[in-house]
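Visitor: Could you walk me through this one? I'd like to start with the strands.

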Amino acid sequence: MDNIAGTKSGLSWAVHISVVALVILWLFPTVGLFVSSFRTADQISASGWWQSLFATEQNQTLRAGDPDDEGVQVLTDGVYVIEGNLFGAGGETGDANISVWGTSSRAIDAYVPGETADLGDGETITVQANGDYVQTSPVEMSGRGQRVFVTAETPPEFTADNYQQVLLSDNATDSMAKAFFNTLTVTIPATIIPIVIAAFAAYALAWMDFPGRALLIAFVVALLVVPLQLALIPLLRLHLGIGIGKGYLGVWLAHTGFGMPLAIYLLRNYMVGLPRDIIENAKVDGATDFQIFTKIILPLSFPALASFAIFQFLWTWNDLLVAKVFLIDATGQTTVMTNQIVELLGTRGGNWEILSTAAFVSISVPLIVFFAMQKYLVRGLLAGSVK
């Protein structure tokens, strides 16, 4: 009875477990990236993203008020006093609770909250558990504010400042807004153009009889195994020779050329599997090849078109090599998101909150496109596999 058609295989549980494991492996870093994009630099350095909902103990370097700022230093009963909160007005870390603190003036000796540290020459400072401090001196203080090193338990905190800096910053090094629109400018035409051209070619190879059709199909299949890197330099020299190098037109044509073999192969396999009776009946009724293509073939081939659109969009959006060769100019005005993230990695190597935000902004659009069109992906991949 185990071999009767329609019964489930004994290994179905292994398949289900493998699928769940793959989903978790994919989801785990994506959720981590999303959570980290809303955390501060101190929180990221102190704990992992899976602890973001719990209070964490952090070692922080804080600074008391600057004595040279107006109104910070007050003379009271012959003693100069500076008061405030180490975490800022209102406490930037909410209900942070200091357990140990110290100052560089005393070789970072450890003090519990409420103890007074002698900074020399009669100058003292006292820090409370909530970050409130009182700094006193018999003479007028000058220079920068006193550095205070604290070990504090900080409550969970989430902020949208990272997204504001990445998307709205006036600093060209940090901002991803221009690179985001540049990437859209590259990706949308580079997805539409090869689909339009490949659809016509696929219909001709599937339903039109002409000499050499089999050779053309074999040639298209052979182009699938040609390495991308093999054609970069010759194609770049061609683009520069005809005046379209280092521009949007050049990168559109490059992506079109590199995506055409897969597009023609995928669409041709799907179209050749469509019912022949529909095509023949349309021809009997007097329909031309163009009418058959636009009114019958294209609507029926939407799953294959959507499947290739997903592949082409994801490849173009995440591309760095082709954009580096055919698009990036000396001023960086046409830089794409992948290149901008590389630049951030070089200039912001320690700012993981900015890098994680920029990376999540980069993957958000492909995720939306994939989940919006995923139902057509399998149907397109299986195009022509079953007759």
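Visitor: What is the bridge partner of W101 in β8?
Guide: W101 has V150 as its bridge partner in β8, and β4 and β8 (residues 147-154) pair in the antiparallel sense over 6 bridges. Strands are DSSP runs of E with at least two residues, helices are runs of H or I with at least four, and both are numbered from the N terminus; two strands pair if DSSP finds at least two bridges between them. This is a predicted model, in which local features need pLDDT of at least 70 and side-chain atom pairs count only at pLDDT 80 or more, while totals for chains, interfaces and linings use all residues. Residues are numbered from 1 along each chain as its sequence is written, and side-chain values use heavy atoms, with hydrogens and water left out.

Visitor: What is the strand order in that sheet?
Guide: The order is β1-β8-β4, in an open sheet of 3 strands with antiparallel pairing. β1 (56-63) and β4 (97-103) are at the edges with a single partner strand each, so one side of each has no neighbour in the sheet. From one strand to the next, the twist averages 20 degrees, where axes are lines fitted to C-alpha atoms, for helices over the stretch in contact, and angles run from 0 to 180 degrees between N-to-C directions.

Visitor: And β5 and β6, how many residues lie between them?
Guide: There are 2 residues between β5 and β6 in this hairpin, and D121 in the turn has a positive phi of about 60 degrees. β5 (residues 116-120) and β6 (residues 123-127) pair in the antiparallel sense over 4 bridges, with A117 opposite I125 in β6.

Visitor: Switching to helices, at what angle do α4 and α10 pack?
Guide: Helix α4 (residues 177-207) and helix α10 (residues 302-317) pack at about 145 degrees, with their axes 9 Å apart. Their contact (heavy atoms within 4.5 Å) includes F180, L184 and I195 in α4, and L305, F308 and W317 in α10. By class, that contact has 11 nonpolar, 5 polar and no charged residues; Ala, Val, Leu, Ile, Met, Phe, Trp, Tyr, Cys and Pro count as nonpolar, Asp, Glu, Lys and Arg as charged, and the others, Gly among them, as polar.
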